[in-house]
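Subject: Structure handover

Hello,

Here is the structure I said I would pass on. Please have it open while you read the notes that follow it.

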Amino acid sequence: MNRRFIITFLLACLIPIMVQAQHETFRFAQITDIHLNPNNPNPTEDLLRSVAQLNATDSIDFVLVTGDLTEEGDRSTLEKVKSVLDLLKQKYYVVLGNHETKWSDSGCTAFSDIFGSERFEFQHKGFLFLGFNSGPLMRMAYGHVVPQDLRWMDQEMDKFGKDKPVVLVTHYPILEGDVDNWYQVTDAVRPYNIRLFIGGHYHSNRNLRYDGIPGILTRSNLRDKDAKPGYGIFDVTKDSILVYEQRIGEPKRKWASFSLTKTYYDHNGKANKYPDFSVNKQYPKVKEEWLLQTGAGIYSSPAVKGDRVFVGDDMGYLTCYTLKDGKKTWSYETKKRIVGTPAVDEGVVVFGSADRNIYGLDSQKGNLLWKVKADEPVLGAVTIDKGIAYIGASDHTFRAIDIHTGKVIWTYNNVKGYIETKPLVTNNKVIFGAWDNTLYALNKTNGEELWKWTGGLTRMHFSPAAVWPVAAHGKVFITDPQRAMTAIDIETGQTVWRTFQSKVRETIGLSEDGERIYSKTMNDSIVCYATQGNTPKELWASNVGFGYEHAPSMQVEKGGVVFGSTKEGLVFALEAKSGKVLWKHKIGNSLISTVVPLDGQRVLFTETSGEVGLLKGPKYKPEP
């Protein structure tokens, strides 16, 4: 008999025996998708009722809280959630949901401040429980598990022992269409004895498989159609995990069970499916000049000046690489993650950090020149114009700073929401959006408010806050999550036109000659509109074939070529005048932030999964 078969058979027999021998029976609860909202008292009441019933229930050892604690991810609501959860008699463990990661005035740092960490690890009666963030962070995209969390999981499980039972806790299900690197997660954990993934997000009970590994999602804590809040109960017996739905005031109802003796998946196997990179064979002339895996999540675009490239990352480092080959020349550490895109000019690189500081560094050596303190995290991208850096923060303040001295030239303190966008500096104005339904126009010289535009938007989630505005022919152009494109009079702030025709979301770009704007639709296409005139005029629409799309990455024209990117790792190039697809190249399967073209062939990029690189496409000669 084949020796490998015998070993595999023996291991399959021994693992269940060891599981039974090493753990005791216990019970725990799971609360998920709380969605506390200061404008709606019902979610708070629902959570209080669940906490009261858990406190009256015997033998609950601990509680898992699996994300979407809030509706808008703000600090005060997170603190409110904690104050209610602190009423629990049992110890509880919390992970973030997408409502804490996509919409967060603190860049998710408030969550760590309040709950202690973005992930948790504990052992209980022979089991290891690991909880971690499944994203997305600050950018509208699929969920993502960052490289540093994958390393952490591997280290913790390796220390615990490959044969001992592990439960993994997330918000998102680890599935294609929910988490962009699902295959990396399942391949990373497969060698270990994973008994269950536990999550939420779908607001309903689901019994799933993540490449064979059992995955359970439970109902939202919010009241259901019968006005009953509820949560999950898990009974761990000697040989099983039993899953119950617990509605308030009713007996618990078992709806799923999992054996602790059965082998559900091949520990030596692989994911059932991997991303399709066949598009790269269609355009073989596109080459990766260099590609660097940094080992940390990246949410900002690169900045480039001369022969240097500057990138901020999730671990709080601003790093300088050589443009020629991607070699690291220096790295500067801040205390918390960098979300906004840096800017560099006149020997100074400027960027904000979630550690509540704006930094100015020597772009050649990486040493600190100055630092400006903010009252809240700084998530905004930077624009430098004539030696002045313009940047917004989450302390309701927009600043103009001398890049050589760090002196704050002026501040504007009347922003209601937080700022993540890259400001537009043009016509002696600074124009930017915030997560308060508002686009602001300030006097570039002194910060005086010139006008504000809201366009009738009433929901925070519809704000023109992720788009980078552009301007031409006396108009400012934006898109917003209400799926509209808008032209605004740059002098008055009045709407010139607004169209829902193309179902765009949070992307826009301007042609080099200022005659055209580009935007990405939510399904397959890039559209081009004329900048002249007082009515929307579509010039062309190009089917690029990228599928469903909602990532806020802008289109950029260089050398007659329009470059863009998607949430699934695709970079594409189109002929600016016609929209003809020139080439496409898939880097990975995660969000590519706004790319930085150097000319009509070469384009710099960063990817959420930690890659920085330089692509080179075939030479293009625009028609005269």
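In helix α3 (residues 75–85), the buried residues are R75, T77, L78, V81, V84 and L85. They pack against α2 (42–55), β2 (62–66), β3 (91–95), α4 (98–101) and α5 (109–115). Please keep in mind throughout that this is a predicted model.

Next, a pair of helices. Two packed helices are described by the angle between their axes and the distance between the axes. For helix α6 (residues 147–160) and helix α7 (residues 182–189), the angle is about 15 degrees and the axes are 10 Å apart. An angle under 35 degrees counts as roughly parallel, and α6 and α7 are therefore roughly parallel to each other. Their crossing is right-handed. On the α6 side the contact is made by L150, M153 and M157, and on the α7 side by Q184, V185, A188 and V189. Of the residues in this contact, 6 are nonpolar, 1 is polar and none is charged.

The loop between β5 (127–131) and α6 holds H144. Is H144 buried or exposed? Its relative accessibility is 5%, so H144 counts as buried. Beyond its neighbours within four places in sequence, H144 is in contact with N133, S134, G135, V179, D180, N181, S590, T608 and S609. I174 is 30 residues from H144 in sequence, and the C-alpha atoms of the two are 9.2 Å apart. P136 also has its place in the loop between β5 and α6. The peptide bond leading from G135 to P136 is cis, with omega near -5 degrees.

Strand β20 (residues 357–362) comes next. Because 6 of its 6 residues are buried, β20 is largely enclosed by the rest of the structure. N357, Y359 and L361 point one way from β20, while I358, G360 and D362 point the other way.

β20 has antiparallel pairings with two strands, as follows:

- Strand β19 (residues 348–353) pairs with β20 over 6 bridges, and F351 has Y359 in β20 as its bridge partner. The two strands form a hairpin with 3 residues between them, and R356 in the turn has a positive phi of about 75 degrees.
- Strand β21 (residues 368–373) pairs with β20 over 5 bridges, and I358 stands opposite V372 in β21. This hairpin has 5 residues between the strands, and G366 takes a positive phi near 85 degrees.

Most residues other than glycine have a negative phi, and most peptide bonds are trans. N428 has a positive phi, near 60 degrees, and is found in the loop between β26 (424–426) and β27 (429–434). N437 has a positive phi of about 70 degrees and is found in the loop between β27 and β28 (438–443). N428 counts as partly exposed because its relative accessibility is 41%. N437, at 9% relative accessibility, counts as buried.

Last, a sheet. An open sheet of 4 strands runs in the order β34-β35-β36-β37, with antiparallel pairing. Its edge strands are β34 (509–510) and β37 (538–548), each of which pairs on one side only. Strand β36 (residues 523–530) and β37 are joined over 6 bridges, and N523 has Y548 in β37 as its bridge partner.

Regards

Conventions
Residues numbered from 1 in each chain as written. Predicted model: local features only at pLDDT ≥ 70, side-chain atom pairs only at ≥ 80, totals over all residues. Heavy atoms only, no water. Axes fitted to C-alpha atoms, helices over the stretch in contact; angles between N-to-C directions. Parallel < 35°, antiparallel > 145°, perpendicular 65-115°, else oblique. Left-handed = near helix turned anticlockwise from the far one by under 90°. Contact = heavy atoms within 4.5 Å. Nonpolar A, V, L, I, M, F, W, Y, C, P; charged D, E, K, R; others polar. Pairing = 2+ DSSP bridges. Buried < 20%, exposed > 50% of the residue type's maximum accessible area, 1.4 Å probe, protein only.
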